[in-house]
Amino acid sequence: MSALSTDKIVAVVGSGAMGAGIAQVAAVAGHTVKLYDSRPEAVAKALADIGKVFAKLVEKERMSAADAAAANARLRGAATLAEVADAALVVEAIVENLDLKRGLFAELEAIVGDDCILATNTSSISVTAIAAKLRRPQRLVGMHFFNPVPLMALVEVVSGLATDAAVAASVFATAGAWGKNPVHAKSTPGFIVNRVARPFYAEGLRLLGEQAADAATIDAVLREAGGFRMGPFELMDLIGHDVNYSVTQSVFNAYYGDPRFTPSVLQLEMVNAGFLGRKSGRGFYQYGEGAVAPQAQAEAPQPRPEFVTYTFDSGARSAVCDALAARLKQAGIEVSARKPAEGHGSPDPAPAFHCNGAAVYLSDGRSATARARDNHHPDTVLFDLALDYAKATRIAVACSDQCDPAAYKAVVGLFQAAGFVVTRLDDVPGLAVMRTVAMLANEAADAVNQGVCSAAAADIAMQKGVNYPRGPLAWADAVGIGQIVSVLHNLAAAYGEDRYRVSPLLRRKQAAGGRFHA
């Protein structure tokens with residue numbers, strides 16, 4: 001199905017930030033756009049604001065004066081809803097209320113032609129439910145943009161049970177023609193992004209609640225090791241805790257109390273206190289004049305070890321550990337790689353670094369204390385996942401309660417010699433980046449398993465919708481499906497919660513020795 005031609009009129013109902021952004025994008029793409037709102041003054045303001053945006057783009061040489069003038073000329077205010085009768089596509093961007101959306105689309109159905117596509121920009125309401133009372137529910141589809149619309153590339157094209165596949169295909173192609181990255185999704189709670197993103201916030205809140213570290217330290221680890229643009233607490237402060245908590249609660253309720261989406265009591269307390277983030281001047285951080293940004297924890301400098309042994313079993317070799325070994329070598333540290341001697345293997349077959357008596361492992365979801373017990377090696381230190389060990393500036397570590405301080409300090413010195421800022425987390429299962437990535441991959445895999453979207457769509461959505469450095473399923477491929485499954489299994493064992501149950505699709509991929517992407 002091809003995109004709507006630019007001679008077709010697009011109407012947008014609702015002139016708030018989302019509606020105005022959608023109108024701007026459609027006008028720039030070449031469509032005549034009619035913008036309607038029940039408040040005429042809101043339409044006038046939106047059109048004036050879009051004009052100012054065009055002027056700034058011209059000033060910054062991101063748009064020619066002729067293109068800006070042409071796009072501005074294609075924008076028109078509609079005084080009444082009846083004026084959108086000639087539209088080929090109507091995009092609704094009003095408040096998130098099912099009854100109001102149903103009422104609007106019932107009015108529109110009596111005004112527009114039978115071949116007009118009706119689209120809702122809802123972020124949380126069932127597309128199936130919105131369409132249910134229409135005379136022709138098959139022409140209603142979700143067209144979920146992300147804020148700010150002109151800058152964010154993702155559009156979730158959401159099909160309800162009645163949505164015609166040709167309608168969804170046309171909207172998908174149209175979004176692509178508008179310069180967006182569209183993905184198909186099925187109408188389920190949270191669609192793709194608002195569902196798959198829940199663990200990013202939930203695991204951060206759990207780490208903070210268990211006193212693994214303070215908010216600034218956890219944020220720094222997710223940014224500087226994990227490669228995320230913002231840490232979970234910075235991002236929740238930006239979104240607003242009232243909004244973020246409400247979305248989590250909505251998804252939790254929609255999935256009938258699935259523990260995977262359990263809201264955080266800690267975040268509820270933030271809402272109850274009115275500490276909503278940037279908009280209230282206080283969240284996990286202070287904002288406003290005189291506010292001082294807290295510093296992330298970093299270990300004091302330790303002596304540089306002369307050498308480290310890297311042992312691995314060929315059947316359990318890890319690309320992640322190989323990448324870390326390469327960085328250590330590049331830093332001039334002698335790394336002696338060898339396989340365990342015949343009959344003298346560790347009870348833990350995972351690759352390990354050995355430094356001044358300490359055994360150093362990539363986190364597998366167990367605490368360092370539990371792993372030291374299991375391996376009969378008290379001097380056990382774990383390190384966290386990083387997006388790219390060659391470029392990461394920070395690494396998180398944890399040591400067992402049994403670990404000798406001298407052995408731990410040697411490991412700190414080892415990582416510091418390789419150029420990492422070393423952050424110590426309390427000995428929580430899965431550390432920070434590893435457990436977050438494992439849970440994101442698990443949720444994305446479950447969405448694919450339940451037919452919500454494809455693996456490619458899940459990764460595109462999380463990269464383009466919330467700026468993740470890598471799609472969760474591509475990340476699972478890079479780390480190893482087996483490693484992700486082990487982390488989740490061990491987290492479930494440590495907490496005794498169904499929250500960490502492994503997606504059947506992850507288990508299937510592991511059993512087949514497969515990947516999500518070729």
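Trainee: Which residue stands opposite Glu334 in strand 10?

Mentor: Phe307 stands opposite Glu334. Keep in mind that this is a predicted model. Start with the general idea. Strands of a sheet pair through backbone hydrogen bonds, either parallel or antiparallel. Now the case here. Strand 9 (residues 307-311) pairs with strand 10 in the parallel sense, over five bridges.

Trainee: What is the strand order of the open sheet of seven strands?

Mentor: The order is 10-9-11-12-13-14-15, and the pairing is mixed. Strand 10 (334-338) and strand 15 (421-424) are the edge strands. Each of these two pairs on one side only. On average, neighbouring strands of this sheet are turned by 30 degrees against each other, direction ignored.

Trainee: Which strands does helix 14 touch where it packs on the sheet?

Mentor: Helix 14 (residues 368-375) touches strand 12 (358-362), strand 13 (380-383) and strand 14 (394-399). Its direction makes about 130 degrees with that of strand 13.

Trainee: Now a single residue. Where does Ser318 lie, in terms of strand 9 and helix 13?

Mentor: Ser318 is in the loop between strand 9 and helix 13 (319-330).

Trainee: Is Ser318 buried or exposed?

Mentor: Look at the relative accessible area. For Ser318 the value is 12%. The cut-off for buried is under 20%, so Ser318 counts as buried.

Trainee: With which residues is Ser318 in contact, leaving aside neighbours within four places in sequence?

Mentor: Tyr310 and Pro351. Ser318 and Ala65 are 253 residues apart in sequence. In space they are 54 Å apart, C-alpha to C-alpha.

Trainee: In which sense do strand 7 and strand 8 pair?

Mentor: Parallel, over six bridges.

Trainee: How do I read a pair of helices?

Mentor: Two packed helices are described by the angle between their axes and the distance between the axes.

Trainee: Which residues of helix 2 and helix 3 meet?

Mentor: On helix 2, Gly51, Phe54 and Val58. On helix 3, Ala65, Ala68, Ala71 and Asn72. The residues of this contact divide into five nonpolar, two polar and no charged.

Trainee: At what angle do the axes of helix 10 and helix 11 cross?

Mentor: At roughly 100 degrees, for helix 10 (residues 232-239) and helix 11 (residues 241-254). The axes come within 6 Å. Helix 10 and helix 11 are therefore roughly perpendicular. Met236, Asp237 and Ile239 of helix 10 make the contact with His241, Val243 and Asn244 of helix 11. By class, that contact has three nonpolar residues, two polar and one charged.

Trainee: How do helix 18 and helix 19 cross?

Mentor: Their axes come within 5 Å and cross at roughly 100 degrees. Helix 18 and helix 19 (residues 481-495) are therefore roughly perpendicular to each other. Helix 18 contributes Ala476, Asp477 and Val479, and helix 19 contributes Ile481, Gln483 and Ile484.

Trainee: Last feature, helix 17. What span does it reach?

Mentor: Helix 17 (residues 455-466) reaches 16 Å from its first C-alpha to its last. That is close to the 16 Å expected for its 12 residues at 1.5 Å a residue. After helix 17 comes Asn467, whose phi is positive, near 60 degrees.

Trainee: Which residues of helix 17 are buried?

Mentor: Ala455, Ala457, Ala458, Asp459, Ala461, Met462 and Gly465. What covers them includes strand 7 (154-159), strand 8 (181-186), helix 7 (193-196), helix 16 (433-449) and helix 18 (472-479).

Technical notes: Residues numbered from 1 in each chain as written. Predicted model: local features only at pLDDT ≥ 70, side-chain atom pairs only at ≥ 80, totals over all residues. Heavy atoms only, no water. Helix = DSSP H or I, 4+ residues; strand = E, 2+ residues; numbered from the N terminus. Expected span 1.5 Å × (residues − 1). Buried < 20%, exposed > 50% of the residue type's maximum accessible area, 1.4 Å probe, protein only. Contact = heavy atoms within 4.5 Å. Axes fitted to C-alpha atoms, helices over the stretch in contact; angles between N-to-C directions. Parallel < 35°, antiparallel > 145°, perpendicular 65-115°, else oblique. Nonpolar A, V, L, I, M, F, W, Y, C, P; charged D, E, K, R; others polar. Pairing = 2+ DSSP bridges.
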